[in-house]
Amino acid sequence: MNLSPDKQVLCFTGAISQSMDVSLANELKDDGLFVVRSPGGYVGHAVALSDIIRDRHATVVVYDYCFSACAGLLLVASYQTYVLKGTLVAWHYPRGDELCTFLTAPRDGEPRKLQRGPCQHYGEYGFTYSPMLIEFFKKRAVNPPISFPPDSLYVRRIMRNLYAETAVFHDAMWTLHPRYYPRLFKTKIFYGAYPESQDEVDDMLARLHLHSKVIYDP
């Protein structure tokens, strides 16, 4: 993480580690820029950094790639975000051998979606989101509590079918078409160019030397 000499631009590239110090963000001037490229990482630190960025009314600028906690949290940290052309934004379910996989309907009448979470939250009432995420999306979701991670019905069906066929969790990520953003997030998100096909997504992954599997949402 680096801050420009005039304290107008804060840049962060890399994973959001458990030992990450976000205090430098407090020095960013109001209405500045937060420029980010990240594969994701620890949710708690991503929330802490997002709250500082929002308090500073910074504009978020995403380049190259933004995955996992970057997509889920930093992308919507503030009031306005620009995703530069050639940038890949992708979400995925939480990882970890200690987590359970299950199907639940996020809202009444919605198709069931795959979920991953602490096994003690899996039962009659489904998955309970952490108080930290509930509070985060109270400020940033159009209709909280948001179905997290966000997905389209197209992606939801693919991930659900993959699990149904094998009863094994498939660790894949997915894009989300920007047409869904206005009804999900209060943040105004502007795309330089959303990928046009699965082939383009695969080419972007190769260019960035990333070996993740990313499902393209048309």
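The legends below describe close-up views of a predicted model.

**View 1. Strands S3 and S4 side by side.**
Strand S3 covers residues 33–38 and is joined to S4 by 5 bridges. The two strands run parallel. Within this pairing, Val36 stands opposite Val62 in S4.

**View 2. The salt bridge between Arg37 and Asp64.**
Arg37 and Asp64 form a salt bridge in which the closest N and O atoms are 2.9 Å apart. Arg37 belongs to strand S3 and Asp64 to strand S4, so the contact ties together parts that are 27 residues apart in sequence. Arg37 is partly exposed, since its relative accessible area is 23%, and the limits for that class are 20% and 50%. The backbone of Asp64 is also of note: its phi is near 65 degrees, a positive value in a residue other than glycine. Asp64 has this phi value within strand S4.

**View 3. The salt bridge between Asp51 and Arg140.**
The side chains of Asp51 and Arg140 meet in a salt bridge, with an N to O distance of 3.1 Å. This pair links distant parts of the chain, with Asp51 in helix H1 and Arg140 in helix H3 (residues 131–140), 89 residues apart. How do the two partners stand in terms of burial, buried or partly exposed? Asp51 is partly exposed, with a relative accessible area of 24%. Arg140 counts as buried, because its relative accessibility is 1% and the buried class lies under 20%.

**View 4. The salt bridge between Glu27 and Lys7.**
Glu27 forms a salt bridge with Lys7, and the closest N and O atoms of the pair are 3.7 Å apart. Glu27 sits in the loop between strand S2 (9–13) and S3, while Lys7 sits in the loop between strand S1 (2–3) and S2, so the pair ties together parts that are 20 residues apart in sequence. Glu27 counts as partly exposed at 40% relative accessibility. Lys7 is partly exposed as well, with a relative accessible area of 34%. The count for the model comes to 5 salt bridges. Side chains of opposite charge can pair when their charged atoms come close.

His57 is found in the loop between helix H1 (43–55) and S4. Its phi is positive, about 55 degrees, although His57 is not a glycine. At 44% relative accessibility, His57 counts as partly exposed.

**View 5. A patch of negative charge on the surface.**
Which residues gather in the patch of negative charge? They are Glu196, Asp199, Glu200, Asp202 and Asp203. One of them, Asp199, is found in helix H6, which covers residues 198–207. Asp199 is exposed because its relative accessible area is 55%, and the exposed class begins over 50%.

Tyr82, Leu84 and Phe190 make a nonpolar surface patch of about 260 Å². Of these residues, Tyr82 lies in strand S5 (residues 80–83). Tyr82 counts as partly exposed, at 36% relative accessibility.

Helix H4 comprises residues 153–166, with Leu153 among them. Leu153 counts as exposed, at 52% relative accessibility. How far apart are the C-alpha atoms of Leu153 and Glu27? They are separated by 41 Å, and the two residues are 126 residues apart along the chain. From Thr166 to Ser50, the C-alpha to C-alpha distance is 37 Å, and the residues are 116 residues apart in sequence.

Methods. Residues are numbered from 1 along each chain as its sequence is written. This is a predicted model: local features need pLDDT of at least 70, side-chain atom pairs count only at pLDDT 80 or more; totals for chains, interfaces and linings use all residues. Side-chain values use heavy atoms; hydrogens and water are left out. Patches are made of residues with over 30% relative accessible area and no salt bridge: like charges are joined within 9 Å, nonpolar side chains (Val, Leu, Ile, Met, Phe, Trp, Tyr) within 5 Å. Accessible areas come from the Shrake-Rupley method with a 1.4 Å probe; for residues, only the protein chains shown count as cover. A salt bridge is a side-chain nitrogen of Lys or Arg within 4 Å of a carboxyl oxygen of Asp or Glu. Lys and Arg count as positive and Asp and Glu as negative; His and the chain ends are not counted. The place of a charge is taken as NZ of Lys, CZ of Arg, CG of Asp or CD of Glu. Helices (H or I, at least four residues) and strands (E, at least two) are DSSP runs, numbered from the N terminus. Buried means under 20% relative accessible area, exposed over 50%, partly exposed in between (1.4 Å probe, protein chains only). Two strands pair if DSSP finds at least two bridges between them.
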